[in-house]
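My notes follow in the order of the look-ups.

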There are 2 protein chains.
Amino acid sequence: MRIGILGGGQLGRMLALAGYPLGLHFRGLDPAPEAPLGHVAELLVASYDDRLALEQFATGLDYVTYEFENVPGTTAEFLATRLPVLPPPVALFRAQDRLEEKQLFESCGIPVPRYAPISSPEDFGPAIETVPFPAVLKTRRFGYDGHGQKRVRQPAELPRAWEELGRVSCLLEEFVPFDYEVSLLGARSRTGEIAFYPLVENRHTEGILALSRAPAPRANRTLQEQAERSVAALLEELSYVGILAVEFFVVGETLLANEMAPRVHNSGHWTIEGAETSQFEQHLRAILGWPLGSTAMRGYAAMINLLGSLPPIESLLAIPNVHVHLYGKTPRPRRKLGHVTIRAESPEERDELVRLVLSIVEFPQPVTI
Amino acid sequence: MRIGILGGGQLGRMLALAGYPLGLHFRGLDPAPEAPLGHVAELLVASYDDRLALEQFATGLDYVTYEFENVPGTTAEFLATRLPVLPPPVALFRAQDRLEEKQLFESCGIPVPRYAPISSPEDFGPAIETVPFPAVLKTRRFGYDGHGQKRVRQPAELPRAWEELGRVSCLLEEFVPFDYEVSLLGARSRTGEIAFYPLVENRHTEGILALSRAPAPRANRTLQEQAERSVAALLEELSYVGILAVEFFVVGETLLANEMAPRVHNSGHWTIEGAETSQFEQHLRAILGWPLGSTAMRGYAAMINLLGSLPPIESLLAIPNVHVHLYGKTPRPRRKLGHVTIRAESPEERDELVRLVLSIVEFPQPVTI
């Protein structure tokens with residue numbers, strides 16, 4: 001069985017590494033010749049809208065998936081006329097536009113922060129009436145890792161923020177004074193089988209994920225069930241196949257959906273060692289219609305991203321129960337170069353190891369627990 | 001860092017899959033173009049004694065290791081003049097000759113079954129005086145998976161057995177009425193650091209490993225310590241670097257060394273999911289002089305080989321906590337095509353899952369627990 005991956009980043013690389021033991025073969029497509037997947041699998045270097053290259057890419061593949069949510073939806077649709085593209089391209093379209101994403105959440109009965117679309121100065125007035133301040137202005141498309149966002153403390157700042165984001169279609173969102181942020185990863189198989197991982201608590205540094213702890217230390221059964229209901233509704237609504245990640249703000253006992261990613265997700269990297277089945281294997285099982293694997297945890301886990309530069313590998317490997325994952329990327333400020341997983345027998349032991357790793361790893365803004 | 005692997009079988013493939021997350025690159029050498037490593041890494045197809053190919057293989061590598069103990073020792077020695085070959089070639093030489101292996105064990109104070117060398121009919125008489133019957137006649141070289149062995153129930157059968165093995169240099173060994181067989185995997189780093197995994201109990205089918213359970217259900221602390229002392233002595237004696245596997249017969253409270261393998265070992269495959277650090281990652285850490293990883297178990301584990309033909313993958317994946325590892329090899333009777341790992345929270349749960357998998361998997365001779 002040969003699987004094509006749109007995008008050749010670390011997510012694609014880890015999909016391939018999870019799939020080889022299952023007897024699968026992989027081919028990636030990425031415009032960058034140095035894409036991390038290329039070190040461990042066949043990589044076709046081409047633009048996502050090069051139709052000739054897409055034909056070549058599709059030849060001999062059984063399935064196509066994607067690891068990068070800014071793959072043009074039209075690329076996924078074009079390939080879907082030739083072979084199964086999973087998750088379904090509709091999920092890609094919804095996730096690529098913050099307005100459509102919000103509307104999808106609402107149609108599934110999932111609470112979201114108050115918001116209003118802004119595509120011209122005429123929208124300022126109605127938006128100011130709908131959305132309380134402070135607020136955040138976000139571009140509707142191509143936002144990631146804190147890019148395409150501006151804080152707007154009061155209505156008067158709105159025109160300037162919109163200018164700075166390039167006068168593109170945006171969404172004004174209330175700034176939710178959340179207690180903390182969590183994410184839930186759900187999987188739905190082609191057979192309709194569904195499975196969820198435990199809620200994960202995420203910490204960011206300058207908008208980039210820095211730390212995930214699983215299970216989320218402060219989340220209870222009620223939150224887990226609330227999150228599972230929301231993600232289940234999305235999975236069914238989209239006839240989704242694969243891993244779907246949804247980020248939520250926790251406000252008291254309520255979850256507000258922030259955004260979704262129709263792919264394996266950085267906040268699920270801990271599953272490689274920390275869960276009985278990794279998100280990468282689960283994604284492949286789902287696509288192939290194979291039985292989903294157990295999502296039970298192996299003790300307690302955490303994931304810490306290695307951003308911008310790498311500490312000496314020996315300093316990480318010397319810590320027991322720390323597992324190193326490097327992506328083979330050239331260092332560059334803020335870039336995700338790798339991650340470490342921590343696995344422990346208790347939440348206290350995990351958090352102690354987290355503090356130890358945080359003392360070695362450098363972040364744009366320090367992260368503490 | 002680029003590591004060369006002599007041999008492109010499943011052991012090499014699993015070494016590469018363990019090494020990619022550590023940022024390593026791999027190149028294999030194997031005479032067979034369809035070698036399993038070739039699906040996941042660069043593979044040079046050439047004979048082990050092709051000096052020109054060896055030069056090409058060595059170019060740009062930082063280290064060479066091997067995954068196949070019948071690689072000619074002279075190949076390892078030739079490469080060792082160019083770059084570090086680890087484990088040291090001396091280990092390969094010792095392991096390739098059952099007589100030298102036995103003498104090494106004895107020089108390290110490790111008990112072995114009684115034995116006598118036989119290289120001509122003149123040796124029959126002295127051997128019969130030294131070795132009690134029933135006995136086993138084994139070729140000194142190129143034995144594996146039960147090949148190159150003949151049972152000799154009484155002295156009169158010895159000449160015929162020797163004929164049948166091709167009149168090559170052999171060892172006559174007493175047949176030890178052992179209670180069961182175990183193996184111990186030890187790792188020694190270039191820095192001298194040593195670590196051991198728990199003893200594993202092994203069951204065979206027609207001389208091929210079928211099942212390993214970890215920790216060995218019937219082994220106690222005394223046996224573990226006895227095995228660790230023996231393997232530590234070998235590691236030091238050989239200035240060994242990497243994973244060394246030693247198989248022992250258990251007779252009451254005594255261990256008799258059967259044989260050693262200077263490489264990662266089939267009876268250690270369970271470590272991928274069942275131990276905090278897999279034998280494959282440990283082997284690489286040792287070679288690179290990196291700190292060794294924790295060898296602590298994650299609960300209880302078992303490994304079952306998939307021999308000759310594969311059951312439908314769905315039937316295995318449907319069992320919770322069963323992990324599938326396929327090697328991408330063409331089915332052939334008795335051939336190792338893959339394995340599954342079982343991970344459980346108790347020995348009872350593990351054994352129940354073992355029985356379930358054994359009911360799905362076919363063996364030349366049935367294996368039961």
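**Entry 1: a histidine.** I started at His283(A) and listed its contacts, leaving out residues up to four places away in sequence. His283(A) touches Leu15(A), Thr65(A), Pro87(A), Gly242(A), Ile243(A) and Val264(A). Contact here means heavy atoms within 4.5 Å. I placed His283(A) in helix H10 of chain A, residues 279-288. Helices (H or I, at least four residues) and strands (E, at least two) are DSSP runs, numbered from the N terminus.

Is His283(A) buried or exposed? His283(A) is buried, at a relative accessible area of 0%. The classes are buried under 20% relative accessible area, exposed over 50% and partly exposed in between, with a 1.4 Å probe and protein chains only. The side chain of His283(A) also makes a polar contact with that of Thr65(A), at 2.9 Å. A polar contact is a pair of N or O atoms within 3.5 Å; within protein, one must be able to donate a hydrogen and the other to accept it, and residues adjacent in sequence count only if both atoms are side-chain atoms.

**Entry 2: ground rules.** I noted that this is a predicted model, where local features need pLDDT of at least 70 and side-chain atom pairs count only at pLDDT 80 or more, while totals for chains, interfaces and linings use all residues. Residues are numbered from 1 along each chain as written, chains are lettered from A and ligands numbered from 1 in written order, and side-chain values use heavy atoms, without hydrogens and water.

**Entry 3: domains 1 and 3.** I read the division of chain A: domain 1 (2-85), domain 2 (114-174) and domain 3 (180-358). The bounds come from an automatic or database domain assignment. The C-alpha centres of domains 1 and 3 of chain A lie 23 Å apart. Their contact takes 19 residues from domain 1 and 20 residues from domain 3.

I then looked up the area. Domain 1 and domain 3 of chain A bury about 1800 Å² between them, 71% of it on carbon and sulfur atoms. Buried area is the accessible area (1.4 Å probe) that two parts lose on being put together, summed over both. Gln10(A), Met14(A) and Tyr63(A) supply 29% of what domain 1 buries against domain 3, more than any other three residues.

Which salt bridges cross? The rule finds 1 salt bridge across this interface. I counted as a salt bridge a side-chain nitrogen of Lys or Arg within 4 Å of a carboxyl oxygen of Asp or Glu. The rule also finds 5 residue pairs in polar contact there, both at pLDDT 80 or more. On the domain 1 side, helix H1 (10-19) and strand E4 (63-66) each supply at least two residues. H1(A) gives the largest share, 7 residues.

**Entry 4: salt bridges elsewhere.** The structure holds 50 salt bridges over all chains. I picked Glu201(A) and Arg213(A), whose side chains meet at 3.9 Å, N to O. Glu201(A) is in strand E11 (200-205) and Arg213(A) in strand E12 (208-214), so the pair ties together parts 12 residues apart in sequence. Glu201(A) is buried at 1% relative accessibility. Arg213(A) is buried too, at 8%.

Arg94(B) is partly exposed at 27%, and Glu100(B) is partly exposed at 30%.
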